[in-house]
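Let's walk through this protein together, one piece at a time. Keep the structure open while you read, and look up each residue as we come to it.

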Amino acid sequence: MIFGVPTLISWISSIMTLEPGDLIFTGTPSGVGPMNDGDVVEVTVEGIGCLRNTVIASEVLFDKQPVGAPS
C-alpha cells in the first residue's frame, strides 16, 4: 500500500464522518483475479483480529430492464 491505514483513516475522516461498520476499500494489487465460489477472503487487523468470509455464488438479484421500461 502506498499510504498506511492511519493516513487513510485520517484523510477519509477529514472529508466525511466514518461510522461504526463503515468499510474502507483500498483497491487490488495487480495480478489478482476475480473471486470464485468457494474462495476464502480474509482481512486481518493487528490487535483486533481476523474477519474471514467464504465467497458463495448467487443469482443476480436485480431486473436487467431499466426501471419503468415496458416489459
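Start at the hairpin made by strand 1 and strand 2, where three residues sit between the strands. In that hairpin, find G47: its phi is positive, near 85°. Bear in mind as you look that this is a predicted model.

Strand 1 covers residues 40–45 and strand 2 covers residues 49–54. The two run antiparallel, and six bridges join them. You can check the pairing yourself with a couple of residues. V40 has T54 of strand 2 as its bridge partner, while T44 stands opposite C50 in strand 2.

Let's stay with that second pair for a moment. T44 is part of strand 1, and it counts as exposed because its relative accessibility is 59%, over the 50% cut-off. Setting aside residues up to four places away in sequence, T44 touches G49 and C50. Across from it, C50 belongs to strand 2. At 44% relative accessibility, C50 falls between the 20% and 50% cut-offs, so it counts as partly exposed. If you again leave out the neighbours within four places in sequence, C50 is in contact with E42, V43 and T44.

E42 brings us to another link between the strands. How do the side chains of E42 and R52 meet? They form a salt bridge, with 2.7 Å from N to O. E42 lies in strand 1 and R52 in strand 2, so this pair ties together parts that are ten residues apart in sequence. As a bit of background, side chains of opposite charge can pair when their charged atoms come close. By the rule used here, the count for the model comes to one salt bridge. What about the surroundings of the two partners? E42 counts as partly exposed, with a relative accessibility of 44%, whereas R52, at 56%, counts as exposed.

E42 also turns up in the next stop on our tour, the largest pocket. This pocket has a volume of about 1,200 Å³. Its lining is made up of 28 residues, and those nearest the centre are I24, F25, T26, E42 and V43. Which parts of the chain supply the lining? Helix 1 (5–15), strand 1 and strand 2 each give at least two residues. The largest share, five residues, comes from strand 1. Sort the lining residues by type and you get 19 nonpolar, seven polar and two charged.

Finally, zoom out to the whole protein. How much of the protein counts as buried? Of its 71 residues, the share is 4%; here, buried means under 20% relative accessible area. Contacts give you another view of the whole chain. Take the contacts between residues at least 6 apart in sequence: 3% of them join residues at least 24 apart.

Note on methods. Residues are numbered from 1 along each chain as its sequence is written. This is a predicted model: local features need pLDDT of at least 70, side-chain atom pairs count only at pLDDT 80 or more; totals for chains, interfaces and linings use all residues. Side-chain values use heavy atoms; hydrogens and water are left out. Two strands pair if DSSP finds at least two bridges between them. Helices (H or I, at least four residues) and strands (E, at least two) are DSSP runs, numbered from the N terminus. On a 1 Å grid over the protein atoms alone, a cavity is a set of points where a 1.4 Å probe fits but cannot get out, and a pocket is an open set with protein on both sides within 12 Å along at least five of seven lines; lining residues have an atom within 4 Å of a point. Grid points are joined across faces, edges and corners, and a volume is the space filled by probe spheres set on the points. Ala, Val, Leu, Ile, Met, Phe, Trp, Tyr, Cys and Pro count as nonpolar, Asp, Glu, Lys and Arg as charged, and the others, Gly among them, as polar. A salt bridge is a side-chain nitrogen of Lys or Arg within 4 Å of a carboxyl oxygen of Asp or Glu. Buried means under 20% relative accessible area, exposed over 50%, partly exposed in between (1.4 Å probe, protein chains only). Contact means heavy atoms within 4.5 Å.
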